[in-house]
Amino acid sequence: MSEASKHRTIKVNTLTRVEGEGALFIQFKGDRVSDVKLNIFEPPRMFEAFLHGRHLTETPDIVARICGICPIAYQMSAVHAFERALNIKIDPMVRMLRRLFYCGEWIESHALHVFMLHAPDFLGYPDAIQMARDHRAVVEQGLRLKKIGNRIVSLMGGREIHPVCAAVGGFYKVPSESDLRTLSEDLKWALDASLATVKLVAGFEFPDFERDYEFVALSHPGEYPFNEGRIVSSKGLNIFVPEYEEHFVERHVKHSNALQSVLNGRGPYFVGPMARFNLNYPQLPEVARQAAKDCGLRLPVSNPFRSIVVRAVELVFACWEALQIIGDYQVPEAPRVDFEVRAGVGCAATEAPRGLLYHRYKIDEQGLIQFAKIVPPTSQNQKQIEDDLWHFVPQVAKLPADEATWKCEQAVRNYDPCISCATHALRVNIQRS
Amino acid sequence: MSSKRAAAAKRPKIAVFKFASCDGCQLSLLELEDDLLALADAVDIAYFPEASRSMTKGPYDIGLVEGSITTHHDAERIQQVRRQCRKLIAIGACATAGGIQALRNWHDVNQFISAVYASPEHIQTLKSSTPIAEHVPVDFELRGCPVNKYQLVELLGAYLAGRKPSIPTYSVCIPCKRRGTVCVMVAKKIPCLGPVTQAGCGAICPSFNRGCYGCYGPMESPNTGALTAAFRILGESDRQISRAYRGFNAWAWQFRKASEECERS
């Protein structure tokens, strides 16, 4: 009894199976939480500052280095922002190819998270390699899916990490129809494997934890969003991308090297696969909707532990979409359009695997950057992750310390946080009092 | 002890450490898809927080270090890391040259922090971003932004077999010619850092109709003076040439010197 009345802490000095360096600190007394801090100690790298004076054409390659897991997201938000600043209209086939490029990144990144980073929590292993001792076929399937995502990226961009093809106005080089067709057989296998993945992960046990979130994602009437659409929320927000900064503000908190983003006057919000799925369900292809229905995923999904199922549904979507694009693709007249550089301001938001990624740049008449602002998905989810823990900890407070800690880590991993992105800034410590 | 446990005890222990970086180079290990499980059988991946919750204490046989040193805390941590590793290998442009974040080294870091953070007093950082070898002795530097995963496997294989790794230090022009790509600088007048950049990537950029941007850093004895002169003939301004050298390996001394000469002229 006296145990329960004492202050206790859960501390995770190094959050594992996330990208980048973070820690978690939770303090509670009995089952009442008194403090939650998601500490991002990944050293700041200050991209917005050193982009000053760099040329717009260099920027897609520079911002890719914010994140080795989702470099394409950074390249895509950057090229679209500059294209808006300079009023560049891209070829429709180039637009399609950019969707394919993004499919590759979503498949690679989601397969990594579902199989290597998140599934071990549900099956009770410290990592996928130890999980492979008992579930070798599952891990091998995950690795093969990941490899197929990477094949799309390296075929289009020369390598999996930091591909070199993305350019303002289009691509440095585009693939031929027959190049792309070499991906078809693999993608057909990947589509089937993704459907099997939905079934597999939907069978995991999920804690009973539902919350009333405000989901935020891009939404486009004709397609599941990658590079285009309005920014919408589950609580009525519906704005053009250039209005983003009027509605979302970044705050700097002491315990984090990442800026935390909140929705003006409303507080934390939720970006990523669950937000996209809840806000764009009708735009999913039949095969993905059916897979979601068959495994009992009902709208809106508001249990973040089920994000692994949503990620698997998005794998189905990305494989299906990639196959469509490959079937319809014809080499565009030119890989990129020429443009004249002039002074201007442009912003863009695209859907990184982890959620909305906003960029804004101001350039001078030579095309040199005067100002850059980059808001990655993990900065936007950071406050929501802390909020989840405030509500989740009472459920696990009576568990032995190591189990409670593991559950809290899992709650963080629901978001597939990318700390390297957020610091361009995460730490879990649970303190019980 | 059972024979299985004896084998496990003999497997070399590998650790992966991260400093300021994008995670891309350590991700290269997970990108080994086909070989990852085989690698995990051959070695004991004892410390790799990005991939596993279980963290075995050192000492380790091989430590792979990703990222550059940018904080006081990390400057101390790298000393502890060095003490725990028999062989220490720096992987990637951040660990071998300071990375893209070394662009701060030419600026007032406080202005940089104010530009990004509303409450600069909460940010602790060093004035410069520096490679691992400026802090501790390093057994091998594997270049690249990102590293080439096959070079990483070659390197691990060589250390495990006790032989010298086969990682060429010549220019990327050699694999570019071998690949049969027409020289973009000669034929298309596109500035290309290839002649001064180390091989390793597979000469990707010229095959995409663009110049090399130097992500594998300076080759062995690069002639940057001649390349700067050739860039000028193509009509590049000194500011443009300086920016070309100031990429992901900006703080590698050969590129640093070349860019500073352009800034001065």
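This is a predicted model: local features need pLDDT of at least 70, side-chain atom pairs count only at pLDDT 80 or more; totals for chains, interfaces and linings use all residues.
Local features are reported at pLDDT of at least 70 and side-chain atom pairs count only at pLDDT 80 or more, whereas totals for chains, interfaces and linings use all residues. Residues are numbered from 1 along each chain as its sequence is written, and chains are lettered from A and ligands numbered from 1 in the order in which they are written.

**Figure 1. Overall fold of chain A.** Chain A contains 16 helices and 14 strands; these are DSSP runs numbered from the N terminus, with helices being H or I of at least four residues and strands E of at least two. The C-alpha trace spans about 75 × 45 × 35 Å along its principal axes. Of the 433 residues in chain A, 60% are buried. A residue is buried if 20 or more other C-beta atoms, placed from the backbone, lie within 10 Å of its own, exposed if 12 or fewer do, and partly exposed in between.

Figure 2. The bond from L299(A) to P300(A) is cis, with omega near -15°. P300(A) belongs to the loop between α12 (286–294) and α13 (307–328) of chain A. In chain B, the bond from C145(B) to P146(B) is cis, with omega near 10°, and P146(B) lies in the loop between β5 (140–142) and α7 (149–161).

Figure 3. M46(A), although not a glycine, has a positive phi of about 60°. This residue is found in the loop between β3 (32–40) and α2 (47–50) of chain A, and counts as buried because it has 24 C-beta neighbours inside 10 Å. A203(B), also not a glycine, has a positive phi of about 55°. A203(B) is located between α9 (184–188) and α10 (204–207) of chain B, in a loop, and its 22 C-beta neighbours inside 10 Å make it buried.

**Figure 4. Contacts between chains A and B.** In this interface, 46 residues of chain A are in contact (C-beta atoms, placed from the backbone, within 7 Å) with 48 residues of chain B. On the side of chain A that touches chain B, the elements giving two or more residues are α2, α3 (59–64), α5 (92–123), α6 (128–134) and α7 (136–157). The most is given by α7(A), with four residues. The residues of this side divide into 19 nonpolar, 11 polar and 16 charged; Ala, Val, Leu, Ile, Met, Phe, Trp, Tyr, Cys and Pro count as nonpolar, Asp, Glu, Lys and Arg as charged, and the others, Gly among them, as polar.

Note on methods: Two residues are in contact if their C-beta atoms, placed from the backbone, lie within 7 Å.
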